[in-house]
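Q: Hi! I'd like to go through this one together, if you have a minute. Could we start with the words we'll need?

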Amino acid sequence: MRVLLKLLTRVPLPVLYACASLMYLVAFYVMRWRRHDAERDVANAFPEMSAAVRAEIVRRSYRNLADTLVEAFWGFGASGAALKRRVVMENPEVVQKCVDAGQSVVLLAAHYGNWEWLLLAAGAHFGIEIDVVYQPQRVAAVDEFLREARSRFGSKLIPRKEFVYVLLSRAGQVCTYALIADQTPKHKNDPRHWTQFLNQETAFFIGAGKIAKFIDAKVLYVKMRRVRRGFYAVALSVIAEPPYEEVEDVQIVERFARNLERDIRESPADWLWLQKKWKIKRPVARDSRDAHRAAAQ
């Protein structure tokens, strides 16, 4: 399997795009893979839009996801120079100033644009080690391939269950961590921050805020904009920085959510609607449930 995956990284991008078109047609029209979920979530997020506009957002999101998948394979075999031509960093000096000052950085990104190219391009542009928290794949061969491919330009992948140990062992060191922060905390023991996001009660991990405060890092929101097929622009903005005496963990997560919501509203089809962001619902408080029961009696 690893050999097959590596061969895919050598296929020219135009050929991969042809495969992406076929994948899109099969997933969207034939299998209708998760279409009901995506259509429901888009309708809840944009009730003010017409049904036709929402349907176009869903259709384009499937098309973009197919492109993202094949672009990822191409990127896993591309040179640093080729990636830098296709992913432009609009203000790389924001990271460079932190590096020069010996300050740790937490980069917060999302399933928006092409998150696989984002990691590769960041390594190629900045030339520093970027530690990425990730969820290992169940198939060992796939996991080994992805770890090797994603680490080509100096990034280091840290399994989610090992991250706390790594964080504590590096206390006092200058580090750069990257998180895909729009993932949903699905396990019941995961600390969550609930907020109104795209017109819906939405859960976010609060770990980003805890990490930033623990290592006294500057937090950068990473905006990735699709310029055209196969080309992206990345802009970095500071959403939190030391001192953190009066900043709560959830404030950092809330700022991330507000920035991401703004970007999704600007270009809805570039977000990964198929990730089932609203699969979990906010628990109803016990006193609220008691009040409902009393009113029903």
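A: Buried means under 20% relative accessible area, exposed means over 50%, and partly exposed is in between, using a 1.4 Å probe and protein chains only. This is a predicted model, where local features need pLDDT of at least 70, side-chain atom pairs count only at pLDDT 80 or more, and totals for chains, interfaces and linings use all residues. Residues are numbered from 1 along each chain as its sequence is written, and side-chain values use heavy atoms, with hydrogens and water left out.

Q: Thanks! So is D263 buried or exposed?
A: D263 counts as buried, because its relative accessibility is 0%.

Q: And which side chain does D263 meet in a salt bridge?
A: That of R262, at 3.0 Å from N to O. A salt bridge here is a side-chain nitrogen of Lys or Arg within 4 Å of a carboxyl oxygen of Asp or Glu. R262 itself is partly exposed, with a relative accessible area of 37%.

Q: Which residues are linked with R262 and D263 in a network of salt bridges?
A: K223 and E266 belong to that network too. K223 forms a salt bridge with E266, and their closest N and O atoms are 3.1 Å apart. K223 lies in strand 8 and E266 in helix 11 (residues 249-266), so this pair ties together parts that are 43 residues apart in sequence. Helices (H or I, at least four residues) and strands (E, at least two) are DSSP runs, numbered from the N terminus.

Q: How many salt bridges are there by this rule?
A: The count comes to 22. One of them joins E116 and R150, with the closest N and O atoms 2.6 Å apart. E116 is in helix 7 (residues 115-126) and R150 in helix 8 (residues 140-150), so the pair links distant parts of the chain, 34 residues apart. E116 counts as buried at 12% relative accessibility, and R150 does at 16%.

Q: New topic: what order do the strands have in the open sheet?
A: The seven strands run 1-9-8-2-5-3-4, with mixed pairing. Strand 1 (87-89) and strand 4 (156-159) are at the edges with a single partner strand each, so one side of each has no neighbour in the sheet. Two strands pair if DSSP finds at least two bridges between them.

Q: In which sense do strand 2 and strand 8 pair?
A: Strand 2 (residues 105-109) and strand 8 are parallel, over four bridges. V106 stands opposite V219 in strand 8.
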